[in-house]
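Please read this briefing with the sequence and the 3D structure side by side. It begins with the chain as a whole and then turns to a few places in it.

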Amino acid sequence: MKIAYALCSLAVAASASCIHSGSLARRSDGVVEANSYTYTETNGPLNWYGLDAEANSACATGKHQSPIVIKTQEIDYVTPGSLSFNVPATTGAKFENLGSGLEVVLTNGSLAVGSKKYTLAQFHFHTPSEHRVNDEYYPMEVHFVFQNEDSETAVVGFFFQLSEQGYSVPLFDSIFDHIYDIAEPGTYTKTGAMDFTSLTHHLRGHGIYQYTGSLTTPPCTEGVSWYLSTEPLPLNVQAYNKVKKVLKFNARYTQNALGEDNLLEVAAKNY
Ligand SMILES: *[C@@H]1O[C@H](CO)[C@@H](O)[C@H](O)[C@H]1NC(C)=O
Ligand SMILES: [Zn+2]
């Protein structure tokens with residue numbers, strides 16, 4: 001996942017404040033700033049710590065980092081009814097290519113779990129999936145990022161599985177129909193109308209994995225409450241190929257089991 005706190009490109013960092021509480025920096029000409037971290041080579045996940053050792057220290061030292069392999073015999077489950085996911089229908093929202101990912105900026109939405117209430121900040125996509133289930137990956141994963149007044153983060157995630165019948169969820173067609181408008185990092189467009197009731201029903205109708213981990217992008221902050229639907233959503237092949245063409249690859253490598261030493265520390269010790 002990525003959060004509402006973005007690293008900016010160096011050129012921008014020199015000239016403007018780069019810390020945002022809402023979403024990304026938006027220049028006055030309306031172009032969005034692409035993130036400086038990537039999924040490849042020197043700016044990729046193995047070296048996110050090196051991009052800013054102070055801000056990103058959890059990426060290299062945290063012991064509760066995401067994503068993980070979800071072991072279905074060991075992970076906790078929450079009963080579907082205990083999670084209230086409520087995102088009202090909208091006629092459209094801003095859809096951005098951040099270089100590091102594709103994000104829909106929608107803040108009308110809430111999540112309630114027990115006594116905790118959160119507000120939606122944005123949702124975004126990963127291909128392939130970041131989490132794996134009993135080691136298997138999925139072609140895509142979506143993360144709805146919520147935050148509360150205490151700056152706590154909760155993420156509701158769904159996996160996508162390619163549909164052999166060509167099914168898809170109309171909500172996502174309304175988004176992916178516009179994907180070629182934002183083929184270039186740093187550009188944005190608008191989604192079509194979106195209705196989230198099918199997602200709410202999907203969440204209510206299936207089990208939900210739960211664990212406490214981290215952001216999967218810099219600064220890899222821990223204490224993030226993860227809720228992942230156990231049942232993947234259907235995705236048709238045409239939509240998948242379109243998304244992959246633009247999104248390319250943006251999944252952080254699988255982290256060590258919860259509570260175990262950070263893999264970067266393990267690897268450095270053994271070098
Ligand atoms: C969010 O909700 C407000 C108030 O109901 C509405 O005016 C606004 O259009 C909504 N935003 C989107 C993107 O749907
Ligand atoms: Zn994410």
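Predicted model: local features only at pLDDT ≥ 70, side-chain atom pairs only at ≥ 80, totals over all residues.

Residues are numbered from 1 along each chain as its sequence is written, chains are lettered from A and ligands numbered from 1 in the order in which they are written, and side-chain values use heavy atoms, with hydrogens and water left out.

**Whole chain**
- The mean pLDDT of the chain is 90, and 89% of its residues reach 70 or more, where pLDDT is the predictor's confidence in each residue, from 0 to 100.
- Over residues 1-28, pLDDT stays under 50.
- The chain has seven helices and 14 strands, which are DSSP runs numbered from the N terminus (helices: H or I, at least four residues; strands: E, at least two).
- Of the 271 residues in the chain, 52% are buried, a word that stands for under 20% relative accessible area, with exposed meaning over 50% and partly exposed in between (1.4 Å probe, protein chains only).

**The disulfide**
- In general, a disulfide is a covalent bond between the sulfur atoms of two cysteines, and here the term is applied to a pair of cysteine sulfur atoms within 2.5 Å.
- A search of the whole structure finds one disulfide, which joins Cys-59 to Cys-220 with an S to S distance of 2.0 Å.
- This pair links distant parts of the chain, 161 residues apart, with Cys-59 in helix H3 (residues 57-61) and Cys-220 in the loop between strand E12 (208-214) and strand E13 (222-229).
- Because the torsion about the S-S bond of Cys-59 and Cys-220 is about 90 degrees, the disulfide is right-handed.
- Both Cys-59 and Cys-220 are buried.

**Strand E12**
- Strand E12 is largely enclosed by the rest of the structure, because six of its seven residues are buried.
- Strand E2 (residues 76-78) runs antiparallel to E12 and is joined to it by three bridges, where two strands pair if DSSP finds at least two bridges between them.
- E12 also pairs with E13 in the antiparallel sense, over seven bridges, and Tyr-211 has Trp-226 in E13 as its bridge partner.

**Asn-97**
- Asn-97 lies in strand E4 (residues 94-97) and is buried, with a relative accessible area of 3%.
- The side chain of Asn-97 reaches the backbone nitrogen of Gly-99 at 2.8 Å.

How values were computed:
Polar contact = N/O pair within 3.5 Å; in protein donor to acceptor, adjacent residues only side chain to side chain. Contact = heavy atoms within 4.5 Å.
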